[in-house]
Amino acid sequence: RHGSHLPPRSNQFTQPTKEHLDALKAISSSTLSTLDGSATEEELRSFNDDWMNKYHGKGSIVVKPKTTEEVSEVMKYCYDNGIAVVPQGGNTGLVGGSNPVHDEIILNLSNLNQIRSFDEVSGVLVADGGVILETADHFLAEKGFIFPLDLGAKGSCHIGGNVSTNAGGLRLLRYGSLHGSVLGLEVVLPDGRIWNGLSKLRKDNTGFDIKQLFIGSEGTIGIITAISILCPRRPSAMNVAVFSLESYEAVQKVFAEAKGHLGEILSAFEFFDKQSYALVKKHQEENGGERKVFETEGDFYCLIETGGSNAEHDEAKLTGLLEHLMENEMVLDGVLAQDSTQFQSLWSLRELVPESAGKAGSVYKYDVSVPVGKMYGLVEKMRAKLREGGVLEGDGKSEGPIRAVAGYGHMGDGNLHINIVANKYTDEIEKIVEPYIYEIVAENEGSISAEHGLGVMKAPYIGYSKNETSIELMKQIKQLFDPKGLLNPYKYIV
Ligand code: FAD
Ligand code: 2HG
Ligand code: ZN
């Protein structure tokens with residue numbers, strides 16, 4: 001089946017009624033619903049609709065518990081009454097995972113937003129799952145530390161949502177995956193039990209590492225109410241440079257040179273193509289922020305960030321790299337940030353791609369891992385497929401049903417994002433693109449979900465990346481934690 005044809009409502013779930021609403025209100029006073037007029041459909045829209053405006057749920061109840069105990073009581077009540085629940089953090093997910101597919105109750109974590117403790121010697125932060133990523137990072141910045149994850153949605157996404165999706169982001173190259181930095185979790189299980197796994201230990205080889213199952217489980221086996229995470233010292237010297245380049249081959253060469261010259265201070269290596277750049281420029285122009293960045297523009301761009309503890313030492317390394325790239329004509333043009341304002345504005349050329357694509361139309365988003373050398377070939381294959389299907393003219397920008405096909409991503413992690421900007425979401429386009437995109441990823445032994453997860457969008461396609469035994473084991477894990485299948489149904493493993 002195709003993604004836009006969502007699975008039908010399952011009769012095994014109880015339909016939420018006014019009586020259920022009253023019971024939930026008695027547990028958690030911050031409950032909104034259309035069933036008793038405490039909210040209008042319009043007011044519930046921001047909880048029912050996803051960030052892309054692609055998926056639209058029909059949930060009539062939003063519960064916003066203030067404590068772990070309230071989450072536990074809500075889950076116990078829903079479990080005993082057979083009511084399906086979708087956990088929701090900042091609702092910035094890109095695979096339709098954080099909204100109801102039908103009438104599931106929305107368990108929104110935004111009121112669970114306290115920092116619990118921070119140890120300035122070990123760097124271990126313990127905080128509620130509903131803390132906004134940027135809030136956690138600002139808190140840490142004051143103490144000279146950094147949250148080991150950064151992404152464009154930082155102003156809205158929650159750290160519990162980040163852990164639930166195992167978000168990768170812009171500095172994974174430097175700080176690694178959350179599977180390494182998360183030390184412990186507190187989780188409310190589907191039946192309401194509270195699992196206290198909020199360890200602060202770096203080393204603990206006593207049995208299965210249960211927390212790992214929740215990292216990247218997309219709210220299907222438990223609600224993450226708190227996390228314990230190891231945070232590094234904030235680099236005192238940070239630099240960023242953006243280059244325009246002639247070809248994707250040139251980007252790869254620059255990546256190799258950057259690793260060689262910068263070593264341990266390299267903290268991000270991102271790339272974007274000229275179609276991505278055009279989307280950002282248009283968005284900036286529309287918002288009055290137009291500014292010429294490069295004398296010579298290119299077909300490709302890359303962003304290099306360094307972070308270290310000695311400004312002079314870092315600058316010497318970065319200058320060495322710049323001279324080498326210019327002398328050997330490996331780049332067309334380059335800009336090095338001179339101050340913190342320029343640091344932000346150079347980063348925004350890359351960070352603004354998703355938002356700019358969203359302003360330009362309805363976006364089909366694909367998020368894949370393949371070997372670095374093959375990454376851009378996938379974008380070209382996708383354009384060819386869309387041209388063949390008669391919906392794209394030219395080489396990535398057109399007046400037809402597809403307005404642009406942009407390729408960008410986390411080069412340093414072998415993670416490519418393809419954004420297909422359409423006039424609107426249609427079955428015709430989706431049938432051209434899916435499952436073709438997953439087939440070409442599988443041919444390259446890649447992953448169909450490098451960082452955004454499966455949600456409802458990719459649940460039917462997991463077989464392109466995982467073998468039967470893996471899928472069988474995953475189904476058994478789901479059954480073990482959630483025998484009634486009430487938590488985030490229709491998604492992930494179906
Ligand atoms: P939501 O969208 O609310 O939920 C995501 C999933 O997690 C859902 O399945 C939901 O049910 C579940 N969930 C949420 N909170 C909990 C909880 N406390 N307990 C259990 N389950 C929960 N992702 C990346 O990996 N890298 C990026 O660079 C990146 N950049 C982005 C940039 C933009 C502009 C946008 C809009 C999104 C980006 N994303 C990125 C995707 C998204 O921001 C991440 O997936 C993020 O981690 C989701 O967090 P959230 O709090 O918004 O979760
Ligand atoms: C990014 O790297 C995010 O900017 C979002 O993962 C990618 O919107 C997308 O496709
Ligand atoms: Zn990304």
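This is a predicted model: local features need pLDDT of at least 70, side-chain atom pairs count only at pLDDT 80 or more; totals for chains, interfaces and linings use all residues.
Q: Which residues of helix H4 are buried, and why do they line one face of the helix?
A: Leu133, Ala136, Asp137 and Leu140 are the buried residues of H4, which covers residues 133-142. Viewed down the axis of H4, these buried residues fall within an arc of 95°, and therefore they line one face of the helix.

Q: What do the buried residues of H4 pack against, and what follows the helix?
A: Their packing partners are strand S6 (124-128) and H5. After H4 comes Gly144, whose phi is positive, near 85°.

Q: How should I read helix H1, and which of its residues are buried or exposed?
A: In H1 (residues 18-27) the buried residues are His20, Leu21 and Leu24; they cover an arc of only 100° around the axis, which puts them on the same side of H1. Lys18, Glu19 and Ala26, on the other side of H1, are exposed. The cover over the buried residues of H1 includes strand S1 (31-33), strand S2 (61-63) and helix H3 (68-81).

Q: How many residues surround ligand 1, and which are the closest?
A: A ligand shell can be read by its residues, by the elements that supply them and by residue class. For ligand 1 the shell holds 38 residues, the closest being Gly89, Gly93, Gly97, Gly161 and Gly219. By class, 13 are nonpolar, 22 polar and 3 charged. Strand S3 (85-88), helix H5 (159-165), strand S9 (223-230) and H13 each supply at least two residues, and H5 gives the most, with 5 residues.

Q: Which residues are around ligand 2?
A: The shell around ligand 2 consists of Leu94, Gly152, Val353, Pro354, Lys365, Asp367, His417, Asn419 and Glu451, and by class it has 3 nonpolar, 3 polar and 3 charged residues. At least two of the shell residues come from each of helix H13 (353-360), strand S14 (362-369) and strand S16 (415-422).

Q: How far apart are the C-alpha centres of domain 1 and domain 4, and how many residues does their contact take?
A: The centres lie 32 Å apart, and the contact takes 4 residues from domain 1 and 4 residues from domain 4. The side of domain 1 that touches domain 4 has 3 nonpolar, no polar and 1 charged residues. The domain assignment also gives domain 3 (237-353), and it places domain 4 at 361-452.

Q: What does the radius of gyration say about the chain as a whole?
A: The idea is to compare the chain with a compact globule: with 494 residues such a globule would have a radius of gyration near 23 Å, and the chain has 23 Å, which agrees. Along the principal axes, its C-alpha atoms fill a box of roughly 70 × 60 × 50 Å. The chain has 17 helices and 16 strands, and 50% of its 494 residues count as buried. Among contacts between residues at least 6 apart in sequence, 74% join residues at least 24 apart.

Conventions:
Residues are numbered from 1 along each chain as its sequence is written. Chains are lettered from A and ligands numbered from 1 in the order in which they are written. A residue is buried if 20 or more other C-beta atoms lie within 10 Å of its own, exposed if 12 or fewer, and partly exposed in between; C-beta atoms are placed from the backbone. Helices (H or I, at least four residues) and strands (E, at least two) are DSSP runs, numbered from the N terminus. The arc is that of the directions from the helix axis to the C-beta atoms. Two residues are in contact if their C-beta atoms, placed from the backbone, lie within 7 Å. A residue is near a molecule or strand if its C-beta atom, placed from the backbone, lies within 6 Å of it. Ala, Val, Leu, Ile, Met, Phe, Trp, Tyr, Cys and Pro count as nonpolar, Asp, Glu, Lys and Arg as charged, and the others, Gly among them, as polar. The radius of gyration is taken over C-alpha atoms; the globule rule is 2.2 Å times the number of residues to the power 0.38. Domain bounds come from an automatic or database domain assignment.
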